[in-house]
Each structure stands twice: as structure tokens, then as C-alpha cells.
Amino acid sequence: MKSALITGASRGIGRAAALRLAADGYAVAVNYKNSEEKARAVVDEIRSEGGVAMSVCADVSSPSDIERMAEKVLSEFSGVDVLVNNAGISRTGLVTDVTVDEWNIISDTMIRGTFLCTQKILPSMIAKKSGSIINISSIWGICGASCEVAYSTAKAAVIGFTKALSKEVGPSGIRVNCIAPGVIDTDMNRCHGEDVMRELAEETPLGRIGTPEDIANLISFLASAEASFITGQIITADGGLTV
Ligand code: NAP
């Protein structure tokens with residue numbers, strides 16, 4: 001049975017990816033930082049459908065947490081075939097108001113977290129000469145978002161990480177791709193009022209906000225053998241918002 005580790009899978013896009021990859025037949029490791037009950041609920045839902053899943057608590061920005069998580073998942077699942085670096089946080093505010101602590105937590109979660117998880121899981125993929133790493137960036141990592149300079153910077157770094165790593169590990173049979181979602185209906189956007197979300201939907205050529213499942217479908221494809229000639233790509237899924 002193939003296996004997948006999804007960071008930040010207790011809620012939102014990560015949760016949808018966990019459910020989808022489990023339905024695709026993967027044993028799934030559901031990582032979370034704080035939401036233990038929600039992560040357990042994802043695991044229970046997968047098991048109730050006959051799937052295999054475990055939850056694993058780890059702050060992706062902590063080297064010791066990631067070391068422990070990798071050991072646990074690699075030993076229980078005898079390797080990881082698909083790694084989804086999804087855990088993320090956002091903060092809004094003028095760049096002149098961003099504190100060093102805020103800057104660091106954004107960059108540590110998304111840049112350092114992506115690096116640490118990848119570094120600990122890669123050796124098992126290299127040993128098998130196969131694997132798929134899927135990094136979750138954002139349209140704002142491509143276009144830049146006003147009042148989200150730290151977030152946009154971190155997401156742009158994830159794009160650079162994806163391209164460089166795809167060249168480094170392609171010869172080992174490992175594919176590395178990146179998804180740049182548009183506006184997706186998750187807790188991350190709860191800070192925006194209904195009016196803002198309605199306006200964003202109206203601005204979107206396809207006329208709606210994205211769902212976590214829209215992104216999970218793309219994760220499922222990029223993980224699959226159907227994407228076996230695709231690597232180093234940044235794939236936008238935004239309903240046409242940034243066209
Ligand atoms: P969400 O609903 O807020 O969920 C965030 C997830 O990340 C939660 O599972 C959370 O775990 C986890 N997490 C946060 N910090 C963590 C850490 N240090 N270590 C481990 N896990 C951590 O967010 P989402 O909208 O699904 O976003 C998922 C990814 O998509 C993020 O990288 C985000 O930047 C990106 N994205 C989202 C949108 C959007 O519109 N929603 C658009 C573009 C890109 P806990 O539950 O334990 O806190």
C-alpha cells in the first residue's frame with residue numbers, strides 16, 4: 001500500500017487532501033499542530049471508509065518535531081510515497097507594521113517547514129527511486145498581495161524551492177510540483193467578511209470561490225502515475241482570478 005504524509009491536514013485543504021488520497025488508496029499520515037480532535041476526526045473518517053490513517057502532532061517549523069514525525073511515519077508506513085507540504089498560516093497588515101516575530105513565524109512555518117519535512121522524507125524516496133512531493137504555494141506567491149508581504153514572500157520561496165529541488169531529485173525518480181491556489185473556502189479566509197468573499201467570487205471568471213476539494217483533486221492528480229512526466233511545475237488553481 002502506498003502512503004502519503006500531509007502537513008496541516010486537520011483542516012481546510014490538507015484535510016480534503018487526506019480524505020482524497022485515502023480514497024485513492026493511500027495510507028495517510030494526518031499532521032497537525034494544535035487541532036488534535038480535528039485531526040483525529042479526519043483519521044476516524046478515513047478508517048470508517050475502510051482506509052488506513054494515523055494522526056501525528058508536529059510543528060513543521062521545529063527540527064526536533066519533524067525528526068520525530070518522520071521517524072514515526074516512515075516506520076509505521078515503511079516509507080512515504082507522497083509528501084504534501086501544505087501547513088500554512090497567514091497574517092494581514094501593512095509591511096511597516098509587521099514585527100520581526102510575525103515575519104519569522106510566517107517564514108518558519110512555510111519555508112523552513114517545507115524544507116525540514118522534505119529533508120527528512122527524501123532519503124526514503126531516494127532509496128525507492130520514486131516519490132512525489134507537492135508543495136502548496138499561493139497565487140500571491142506569484143502575483144504578490146498588498147498587505148500580505150510576508151505571506152507572499154514565503155509563498156514565492158516555496159516556488160523557488162520547488163523548481164530547484166525538482167532539478168536536484170529528478171534523476172532519482174522523484175517529482176516535485178507546486179500548487180498555487182486562488183481564494184479557497186477555508187478557515188484561513190474567515191477573517192474576510194461575506195461581502196469581500198462575494199466580491200472575490202464575482203471577480204473570478206468561473207464565478208465562485210474555490211473549495212478544498214478543488215485543490216485536493218489536483219493533489220490527487222499530481223501524486224498519481226498520470227502525472228509521471230510532470231515535475232518542477234507551478235500549477236495555478238484559481239478559477240481564472242489571476243488570468
Ligand atoms: P487552514 O484551514 O487555516 O488550515 C491550516 C492547517 O495548517 C491546519 O491543519 C493547521 O494545523 C496547520 N498548521 C499551521 N501551522 C502549522 C505548523 N506550524 N505545523 C503544523 N501544522 C500547521 O488553511 P488552508 O486554507 O487549508 O491552507 C492550507 C495551505 O494552502 C496553506 O499553506 C495556505 O497558505 C495555502 N493556501 C490557502 C489559500 C486559501 O485561500 N485558503 C489560498 C492559497 C494558498 P492546526 O489545525 O493544528 O492549527
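Hi everyone, let's start with a pair of helices: H3 and H4 cross in a right-handed way. Before going on, please keep in mind that this is a predicted model.

Two packed helices are described by the angle between their axes and the distance between the axes. For helix H3, residues 63-77, and helix H4, residues 100-128, that angle is about 35° and the axes are 10 Å apart. Which residues of H3 and H4 meet? On the H3 side you can find Pro63, Ile66, Glu67, Met69, Ala70 and Leu74, and facing them in H4 are Arg112, Leu116, Cys117, Lys120, Ile121 and Ser124. Sorted by type, the residues of this H3 and H4 contact are eight nonpolar, one polar and three charged.

Now turn to a second pair, helix H1 at residues 12-23 and helix H8 at residues 212-223. Their axes come within 8 Å and cross at roughly 50°. Because of that angle, H1 is oblique to H8. This crossing of H1 past H8 is right-handed. H1 brings Gly12, Ile13, Ala16, Ala17, Arg20 and Leu21 to the contact, while H8 brings Pro212, Glu213, Ile215, Ala216, Asn217, Ile219, Ser220 and Ala223. How do the residues of the contact of H1 with H8 divide? There are nine nonpolar, three polar and two charged.

Hold on to Leu21 and Ile219, since they lead us to the next topic. In soluble globular proteins, nonpolar side chains tend to be buried together. Here, the largest nonpolar core has 29 residues, and those with the most contacts inside it are Leu21, Val28 and Ile219. Which elements give two or more residues to this core? They are strand S1 (3-6), H1, strand S2 (27-32), helix H2 (36-48), strand S4 (82-85), strand S5 (131-136) and H8. A second, separate core has 25 residues, including Ala29, Val56, Val80 and Val169.

If you click on Leu21 and skip its neighbours within four places in sequence, you will see it in contact with Ala4, Ile6, Tyr26, Val28, Val82, Val84, Ile219, Ser220 and Ala223.

Next, let's visit the loop between strand S6 (174-181) and helix H7 (194-203), where Asn189 lies. Is Asn189 buried or exposed? Asn189 has a relative accessible area of 15%, so it counts as buried, the cut-off being under 20%. Beyond four places in sequence, Asn189 is in contact with Val183, Ile184 and Met197.

Asp185 is also found in the loop between S6 and H7. With a relative accessible area of 40%, Asp185 is partly exposed. Its contacts, again leaving aside neighbours within four places, are Arg190, Ile209, Gly210 and Pro212.

My last stop is Lys163, in helix H6, residues 149-169. Its relative accessible area is 43%, so Lys163 is partly exposed. Which residues does Lys163 touch, not counting those up to four places away in sequence? They are Gly232 and Ile234. Lys163 is 162 residues from Met1 in sequence, and the two are 29 Å apart in space, C-alpha to C-alpha.

Note on methods
Residues are numbered from 1 along each chain as its sequence is written. This is a predicted model: local features need pLDDT of at least 70, side-chain atom pairs count only at pLDDT 80 or more; totals for chains, interfaces and linings use all residues. Side-chain values use heavy atoms; hydrogens and water are left out. Helices (H or I, at least four residues) and strands (E, at least two) are DSSP runs, numbered from the N terminus. Buried means under 20% relative accessible area, exposed over 50%, partly exposed in between (1.4 Å probe, protein chains only). Contact means heavy atoms within 4.5 Å. Axes are lines fitted to C-alpha atoms, for helices over the stretch in contact, and angles run from 0 to 180 degrees between N-to-C directions. Angles under 35 degrees count as roughly parallel, over 145 as roughly antiparallel, 65 to 115 as roughly perpendicular and the rest as oblique. A crossing is left-handed if the near helix is turned anticlockwise from the far one by less than a right angle, and right-handed if clockwise. Ala, Val, Leu, Ile, Met, Phe, Trp, Tyr, Cys and Pro count as nonpolar, Asp, Glu, Lys and Arg as charged, and the others, Gly among them, as polar. A nonpolar core is a set of buried Ala, Val, Leu, Ile, Met, Phe, Trp, Tyr and Cys residues joined through side-chain atoms within 4.5 Å.
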